[in-house]
Amino acid sequence: MSAPVKGGERRRKIPGTNGHTAGKDPAEGRVSRVSGATTDSPGRPGLTPPPDAGPPVRHPAAPAPGEPLGAHYDLCFGCGGGQPHGLHVRSYAGEGVTVTAEFTVQPAHQGAPGLAHGGILVSALDETLGSVNWLLQAIAVTGRLETDFVRPVPVGTTLHLRAECTAVAGRKIYSSAVGRIGSPDGPVAVRADAVFIRVKVEHFTKNGRPDEVKVAMTDPDARKVARAFEVNP
Ligand SMILES: CCCCCCCCCCCCCCCC(=O)SCCNC(=O)CCNC(=O)[C@H](O)C(C)(C)COP(=O)(O)OP(=O)(O)OC[C@H]1O[C@@H](n2cnc3c(N)ncnc32)[C@H](O)[C@@H]1OP(=O)(O)O
C-alpha cells in the first residue's frame with residue numbers, strides 16, 4: 001500500500017487512458033488519474049478501477065464538443081437555473097468523454113471570510129463529474145467522491161473545471177476532475193476522483209418525489225428531458 005504524498009502525487013494514471021498532463025504548477029496533477037490504494041480497503045469498494053475495467057466510450061448521440069449541457073433539473077443545486085440557492089454551474093461537452101465547466105464563487109458560498117467553503121467546492125466538482133455521465137448517456141449517482149483542496153478559492157473567483165471519465169466497469173463509472181482558478185490554465189485549486197454507479201429512473205421515483213419527477217419529464221425544454229430520462233441505464 002502506498003503512502004499518501006503531499007500535492008496529490010499518490011494519484012496514478014489508468015493504463016489505456018489518455019493522461020492529461022501538466023503545466024508548470026507543482027500542485028498540478030493529471031486529469032486522468034484515480035486515487036491510489038490508500039483509500040481502497042477490503043470490504044469497502046474504492047476508487048481504483050478493477051482489472052476488468054475498460055475505457056469509457058463516448059455515446060454517438062452525445063452532444064458535440066463545445067455544446068452547452070444545460071441543466072438536467074431546473075431545481076438542481078449544482079446546475080439548475082431555477083434554483084436561487086444553487087451554484088449555477090455551466091458545463092460544456094468536451095472531446096472524448098470530458099466536460100468543462102465554470103462556477104463563480106458568490107458571497108453566499110463563503111466558509112472563512114472571503115473564501116469559498118470546501119463543501120461548496122465539492123458540490124461544484126460533483127456536478128461537473130456527474131455531467132460527464134451524459135456523454136455516456138448513463139443515469140448515474142455519486143457513490144464516492146474524494147477531493148484534494150490545493151489552494152484557497154476567493155469569493156468572486158471563477159473556477160474552471162474539467163472532468164474526464166477514465167474507466168467503466170459494469171455499473172461503475174470512474175471519473176476525475178480538476179478545478180483551476182481564473183482560467184482553464186490557471187493554478188489548480190481542487191482535484192477529485194469519483195466513482196458513479198448507474199441506476200434506473202426508479203432510483204429517483206422510489207427514493208425522491210415521483211410527482212416532481214413526472215413534472216420534470218414534461219418540461220418544455222426537450223433537451224433537459226432527454227438529458228434526464230431518455231437514456232438506457
Ligand atoms: C427530476 C429528476 C431527475 C432524474 C434524472 C437525473 C439524472 C441523474 C443526475 C443525478 C444528479 C446529479 C448530481 C451530481 C451527482 C450526485 O450528487 S448524485 C447524489 C448523491 N449520491 C447518492 O445519493 C447515492 C446514494 N447511494 C445509493 O443510492 C446507492 O448506494 C447506490 C450508489 C445506487 C448503489 O446501490 P446499489 O444500486 O444497491 O448498488 P450495489 O449493488 O450496492 O453496488 C453496485 C456496484 O457499485 C459499487 N459501489 C456501490 N457503492 C459504492 C461506493 N460508495 N463506492 C464505490 N463503489 C460502490 C459496488 O461495489 C458494486 O460493484 P460490483 O459488485 O458491481 O463490482
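View 1. Helices (H or I, at least four residues) and strands (E, at least two) are DSSP runs, numbered from the N terminus. The model is predicted: local features need pLDDT of at least 70, side-chain atom pairs count only at pLDDT 80 or more, and totals for chains, interfaces and linings use all residues. Residues are numbered from 1 along each chain as its sequence is written.

**View 2. Helix α1 spans residues 118–135.** From first C-alpha to last, its 18 residues reach 27 Å, close to the 26 Å expected at 1.5 Å a residue (1.5 Å times one less than the number of residues). Of these 18 residues, 14 are buried (20 or more other C-beta atoms within 10 Å of a residue's own, C-beta atoms being placed from the backbone). Q137, with a positive phi near 55°, follows α1.

**View 3. The largest nonpolar core has 46 residues.** Such a core is a set of buried Ala, Val, Leu, Ile, Met, Phe, Trp, Tyr and Cys residues joined through C-beta atoms within 7 Å. A124, L125, L161 and I173 have the most contacts inside this core. The largest share of the core, eight residues, comes from α1.

Terms used
Buried ≥ 20, exposed ≤ 12 C-beta atoms within 10 Å, placed from the backbone.
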